[in-house]
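Open your viewer and let's take a short walk together. We will select a few things in turn and see what is there.

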Amino acid sequence: MAETRDDAPGHPVVQLTLMRLRELRREPGTLFWVFGFPILISIALGLAFRNTGPEPVRVGVLPGVPADVTGALVAGGVKVQPLDEEAARLELRAGRVALVLVPSAGPGDATLGYRYDPMRPDARLGRAVVDGILQRAAGRRDPRPVRDDLVRERGARYIDFLIPGMIGMNLMSGSMWGIGWVLVNMRVRKLLKRLLAAPMRRRHLFYAQALARLIVIPIELAVILIFARLAFDVRLTGSVIALAVVSLTGSASFAGLAILVASRAQNSETVSGLMNLVMLPMFVLSGVFFSSAHFPAAMQPAINALPLTALCNGLRAVIIDGAGLAGIAGSLAVLAIWGAISFVVGLRVFRWG
Amino acid sequence: MPAEPADTAVSCRGLRKVYDARRRWPAGGTGAPVVAVDGLDLQIRRGECFGLLGPNGAGKTTTVEILEGILEPSSGEVELLGMSWARDEVRLRERIGVALQETRLPERLSVTEVLNLFRSFYRRARTAAAVLDDVELTEKRDAWVGKLSGGQRQRLAIACALVGEPDILFLDEPTTGLDPQSRRQLWDLVLKFRGAGGTVVLTTHYMEEAERLCDRVAIIDHGHIIKEGSPAELIRGLGAAHVIEFALEGSNAPLAEAELLALPAVTGARLSADGMCALTVSEPARALPALIALVSGRGAGLAHLETRHATLEDVFVTLTGRHLRDG
């Protein structure tokens with residue numbers, strides 16, 4: 001019964017990593033969630049919020065408004081829409097016209113009425129544009145000469161904001177599902193217990209999870225960044241090193257959270273629920289899809305302390321603003337603290353059986 | 001601790017395991033602590049196949065998992081090959097092989113990939129080819145685990161336990177849920193390992209398995225051993241090697257236990273609620289005519305009559321009044 005080992009299987013960490021990567025590659029669903037999903041979201045949102053040049057001002061005109069007024073507006077590039085009272089009310093409420101021109105009250109009165117909601121920025125803008133055109137058509141001369149210097153700043157579009165958010169979201173889900181869910185699944189299948197019964201070092205299992213992520217993350221990043229470059233001309237302004245540091249720190253931080261979330265859950269449903277409990281608030285609060293600056297000032301300290309906020313801020317700083325490591329030190333510190341605390345606590349309470 | 005004989009593979013003394021209900025978070029406990037193992041002593045010799053026989057919930061799995069060093073006992077001492085889990089875990093892990101009651105190995109890995117994973121944990125491991133040959137899975141070496149039958153998976157689980165050339169092989173309910181042919185294949189594997197000098201500790205609730213494989217068995221109920229010995233000894237302990245089972249038809253007056261015990265060569269009688277009676281008898285040839293005379297004297301007939309050799313099941317029923325499969 002005593003053969004010597006002629007086909008050495010290699011280090012346990014290598015074998016454990018191979019197990020993880022093979023399962024990942026052989027499970028078609030995971031490929032979609034890792035690569036297909038963020039790209040689909042980027043395409044959808046990129047199309048919805050694409051930049052198509054300045055929108056023309058749309059104005060509703062009630063019967064009785066003089067023809068020279070509408071003529072001047074059309075000549076000034078304003079879209080004019082004749083409407084009756086009822087239609088005007090509906091269009092205004094729906095925001096399809098910025099304001100409605102109301103004719104003068106009687107024969108002796110030449111006053112034109114602007115009807116609009118002053119709370120709406122596009123209505124105020126529409127009023128200013130329309131008023132300028134009409135006053136100049138009526139003979140007003142502007143005393144101060146001005147000149148328009150138009151600039152088209154790269155990195156200011158919505159898609160430029162969105163792509164780093166997508167990367168942040170992907171790194172978070174990748175670590176949470178790829179480590180947390182996988183560990184719980186191994187526990188449910190009694191595979192953790194079986195590995196423990198073999199002479200496996202416990203830390204090797206965690207090293208292998210980290211190593212597998214290290215191998216997958218560059219592929220994830222490359223796929224999204226290449227897609228963003230080709231489809232939307234989003235460019236990486238900062239250095240690859242800074243991008244790698246913030247991505248790996250973020251992933252490590254969420255790996256710690258994943259281990260904490262997975263430390264005691266006894267079935268896949270529990271861990272799915274716990275992970276959504278952790279991740280969903282951050283999807284909303286942390287500025288993946290829109291700037292977290294929209295939330296009230298009182299919430300900002302808490303929001304800024306969230307790991308996904310730190311990761312998204314760090315990624316945006318590197319990708320859009322070209323920040324170096326010094327510029328993202330704050331984000332890195334927040335991520336490191338989350339990762340370290342959750343990892344230590346997670347390992348202490350981790351249940352193998 | 002007193003010195004143990006050098007040929008002892010596994011020993012434990014005063015083993016107790018209490019599950020504290022409060023600690024079962026987040027599953028939620030019932031509040032009361034559960035005593036799974038309640039003062040258990042074992043001495044298993046090198047080279048023997050030792051069986052823990054008992055119904056579900058008797059504490060068999062908890063006991064082997066404590067012996068395997070996966071669970072901590074609440075109290076008691078365990079020694080394997082003269083070593084203890086607290087002091088020698090690293091060395092000990094290399095010398096035992098374990099197949100848990102149910103492990104679902106990674107479904108999308110091939111048989112060889114799984115074996116190589118387990119081989120990588122051992123400083124000295126057998127080749128995948130050699131182990132596969134032992135468990136007769138060579139032709140499945142490139143198949144995904146998910147495509148294997150129940151029997152093949154179980155043989156792979158045992159292959160994973162054998163890669164490190166263990167001195168002791170622990171098998172927890174190795175054949176539960178398998179068809180008869182797969183079961184026999186597994187038994188051959190166990191016998192081959194023991195034939196090569198290995199020690200086997202297995203749990204089962206199949207008396208036939210225990211009789212076939214085990215040199216000695218311990219019958220466990222409610223967390224402690226109620227009888228221990230070779231299967232033949234235990235059956236001999238019944239005082240008679242045969243069992244007559246019968247049921248009456250057309251009788252309103254059931255037979256009394258005392259009447260049955262008075263029959264020649266009968267050493268024990270059990271009446272169960274469903275009308276079946278089981279007699280342990282030393283000589284069926286003497287007991288049977290007397291039984292038939294008794295029954296016809298009552299004007300009743302026999303709906304069922306069977307004589308067979310006594311089994312470990314009879315031992316268990318005699319000791320506990322319950323059947324093994326009742327749990």
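Leaving aside its neighbours within four places in sequence, which residues is B:Val201 in contact with? Select B:Val10, B:Ile44, B:Phe50, B:Val64, B:Leu67, B:Ile168 and B:Phe170 to see them; contact means that C-beta atoms, placed from the backbone, lie within 7 Å.

A word on this model: it is predicted, so local features need pLDDT of at least 70 and side-chain atom pairs count only at pLDDT 80 or more, while totals for chains, interfaces and linings use all residues. Residues are numbered from 1 along each chain as its sequence is written, with chains lettered from A and ligands numbered from 1 in the order in which they are written.

Now turn to the open sheet in chain A, with 4 strands in the order E2-E1-E3-E4 and mixed pairing (strands are DSSP runs of E, at least two residues; helices are runs of H or I, at least four; pairing needs at least two bridges). Its edge strands are E2 (79-82) and E4 (113-115) of chain A. Finish by selecting A:Val102 and its bridge partner in E4(A), A:Gly113.

How values were computed
Two residues are in contact if their C-beta atoms, placed from the backbone, lie within 7 Å.
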